[in-house]
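Thank you all for coming. Please have a look at the sequence and the model on the screen, and then I will take you from the overall fold to the spaces inside it.

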Amino acid sequence: MNHSYKGKILISTPDISGDIFSRSVVLVIEHNESGAFGLILNKKNSQMSSKFKDFFDFKIEVYDGGPVENDKVFFIVKSDEKVTEIYTDINDEYYLTEDIERIINAVLANELDIHNIKIFSGYSGWAPNQLDSEVQRKMWTVVDVYNLDYTLPNDQTLWKSIMQNLGGEFLLWANSPEDISLN
């Protein structure tokens, strides 16, 4: 492996349809010779969102991070200061943690603004060389996206917006129906 997609965004192509990755925007957290780990930024999980309402007195969105280990919860936190000792830096502005107890306590104690976190159920994972192979088969487009707030509530408009900004053939994909066989 001569390169890493760590910190980059994967945009699913219309070739991926009918599953969780259809029209997905994935942030790659780790990518090395052992495989890759990422989180889908734009797929809300209403079932998990209702479960988190038990912890908080307000509505909170939980996202499907991917199809692997849906019983695990991950948090992307936007903050210069870490509220937990268990974390992985994404960049200078964001970090990832699984420390559910510390994050919930920090929110309840007003140490962390709820708008500066995004909650995920499960993750997206790839075996060694699997992601590279999928990119070569054009299942994913790898994009450097700057100034994307990973904690913003996002839905399918994020996929379409990024596709439109890429222009060219991507503009055609952005305006294609979800089921490309209908095109």
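This is a predicted model: local features need pLDDT of at least 70, side-chain atom pairs count only at pLDDT 80 or more; totals for chains, interfaces and linings use all residues.

Starting at the N terminus, the elements of the protein follow the order β-β-β-α-β-β-β-β-α-β-α-β-α-α, which comes to five helices and nine strands, where helices (H or I, at least four residues) and strands (E, at least two) are DSSP runs numbered from the N terminus. The radius of gyration, taken over C-alpha atoms, is 17 Å, close to the 16 Å that the globule rule gives for 183 residues, so the protein is as compact as a globular protein of that length; that rule is 2.2 Å times the number of residues to the power 0.38.

Residues are numbered from 1 along each chain as its sequence is written, and side-chain values use heavy atoms, with hydrogens and water left out.

Of the 183 residues, 48% count as buried, meaning under 20% relative accessible area with a 1.4 Å probe and protein chains only.

Now to the spaces. On a 1 Å grid over the protein atoms alone, a cavity is a set of points where a 1.4 Å probe fits but cannot get out, whereas a pocket is an open set with protein on both sides within 12 Å along at least five of seven lines, and lining residues have an atom within 4 Å of a point. Grid points are joined across faces, edges and corners, and a volume is the space filled by probe spheres set on the points.

How many cavities of 30 Å³ or more does the count give? There is one, and the largest cavity has a volume of about 30 Å³. Its lining has 11 residues, and the closest to the centre are His31, Gly35, Ala127, Asn129 and Leu131. Strand E2 (25-32), strand E3 (35-40) and helix H3 (130-136) each supply at least two lining residues, with the largest share, three residues, coming from H3.

The largest pocket has a volume of about 280 Å³, and among its 14 lining residues Ile114, His115, Ile117, Thr151 and Pro153 lie nearest the centre. Strand E8 (residues 117-126) gives the largest share of that lining, three residues.

Finally, the second largest pocket holds about 180 Å³ of space, and its lining includes Gly7, Ile90, Tyr94 and Tyr150.

How values were computed
Buried means under 20% relative accessible area, exposed over 50%, partly exposed in between (1.4 Å probe, protein chains only).
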